[in-house]
Amino acid sequence: MSMVDSIRDETTCCSFDEELGLLLINCWDGTEFTHPTVEPIKPFEKFAIKPAKIAHVFEPKQFRPLFHTLRQATSFEETRYYLNSVYWDLSELPKATLVATDGHKLVTYAYDLPKFVKPMAGPVIPRTLIEQTLRLCGNSRVTLNFDGKYLCTEFNGMRVAAEQIDGIFPDYRSVTPNASQRPHIITFDRKHFLSMVEKLRGVKTLDGWFECDAENKVRVGARRNGDGTPCLCTITTQVNWPQDCTLKKIGFNPNYLHQYAKSAIGKEVTFCLCDDAMKPALFFDGNKALTRVLMPRKTS
């Protein structure tokens with residue numbers, strides 16, 4: 001009989017032999033098992049958080065949707081480990097910014113810390129810390145702490161701790177359009193926009209675009225070529241293309257756009273376009289503190 005078969009809801013007694021490094025299991029049916037244990041690579045005491053230099057409380061039902069959105073923008077490529085994370089930018093306190101990117105899309109959330117402290121280099125938060133917190137916290141209030149080396153989240157009497165990632169996060173400000181670039185505004189009804197993007201996703205391609213049609217209206221499209229089943233989908237809207245915008249077409253990935261549209265709140269979604277087709281586009285919704293940046297794709 002295996003150990004798994006023997007351990008049931010009935011009485012099971014466990015003890016630890018420190019000298020041998022074995023876990024001793026006495027099961028309800030009289031059988032005994034021993035199981036070797038693995039010494040942690042880092043003693044847990046190392047993760048005992050010192051008095052926090054920075055702490056921020058996320059109110060109930062705030063942490064989960066926010067960090068779920070940030071997590072969607074992180075990279076899953078193991079070779080780019082510093083992008084498998086969320087950057088907590090503390091260099092411009094009292095304004096703090098949470099940033100996540102995979103090199104194709106970028107999400108930022110800016111807010112003011114209630115207690116002013118001296119600006120410092122912010123930590124790169126491991127995605128594992130975020131995922132474990134999301135799995136356990138529910139809709140509870142979550143406190144995020146940083147002591148200069150280690151991070152932890154606290155909620156419902158529980159604590160999840162991790163060491164910050166040792167790496168340099170990319171300069172996200174360099175790819176974020178600002179007021180000096182005079183971005184042009186295109187605004188859609190959120191429900192109508194989500195419906196359009198879902199139709200474009202049906203083409204199953206990475207090649208989508210916004211363009212200005214002959215009547216100066218916004219037209220969105222997606223095209224699939226090269227796999228034996230070419231497909232083209234275009235949708236003309238009643239939204240006007242900005243008259244002073246010299247750019248007439250910009251490419252994007254419909255899948256990324258769908259992620260943004262699906263998580264948007266409010267009645268409208270807004271795009272800010274620059275005159276250069278290779279400059280990133282900003283995506284806003286009802287949450288003014290949350291900004292999404294979409295890196296453009298080349299279009300034919």
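**Pockets, a cavity and a sheet in a predicted model**

Q: What volume does the largest pocket have?
A: The largest pocket of this predicted model has a volume of about 250 Å³, where a pocket is an open set of points on a 1 Å grid over the protein atoms alone, with protein on both sides within 12 Å along at least five of seven lines, and a cavity is a set of points where a 1.4 Å probe fits but cannot get out. A volume is the space filled by probe spheres set on the points, which are joined across faces, edges and corners.

Q: What should I keep in mind about the model?
A: Because the model is predicted, local features need pLDDT of at least 70 and side-chain atom pairs count only at pLDDT 80 or more, while totals for chains, interfaces and linings use all residues. Residues are numbered from 1 along each chain as its sequence is written, and side-chain values use heavy atoms, with hydrogens and water left out.

Q: Which residues lie nearest the centre of the largest pocket?
A: Lys95, Thr97, Thr108, Tyr172 and Thr176 do, out of 13 lining residues, a lining residue being one with an atom within 4 Å of a point. Two or more residues each come from strand E6 (95-101), strand E7 (105-112) and strand E18 (281-284); helices (H or I, at least four residues) and strands (E, at least two) are DSSP runs numbered from the N terminus.

Q: And what about the second largest pocket?
A: The second largest pocket has a volume of about 190 Å³, and its lining includes Gln62, His68, Tyr109, Asp285 and Arg292. Helix H2 (63-72) and strand E19 (290-294) each give two or more residues to that lining, with H2 giving the most, four residues.

Q: Switching topic, which residues line the largest cavity?
A: Phe210, Ile250, Gly251, Phe252, Leu273, Ala281, Leu294 and Pro296 line the largest cavity, which has a volume of about 40 Å³. Strand E16 (residues 249-252) supplies the largest share of this lining, three residues.

Q: What is the strand order in the open sheet of four strands?
A: The order is E4-E9-E10-E11, with antiparallel pairing, where two strands pair if DSSP finds at least two bridges between them. The edge strands, each pairing on one side only, are E4 (54-58) and E11 (158-163).

Q: How many bridges join E4 and E9?
A: E4 and strand E9 (residues 142-146) pair over five bridges in the antiparallel sense, and Ile54 stands opposite Phe146 in E9.
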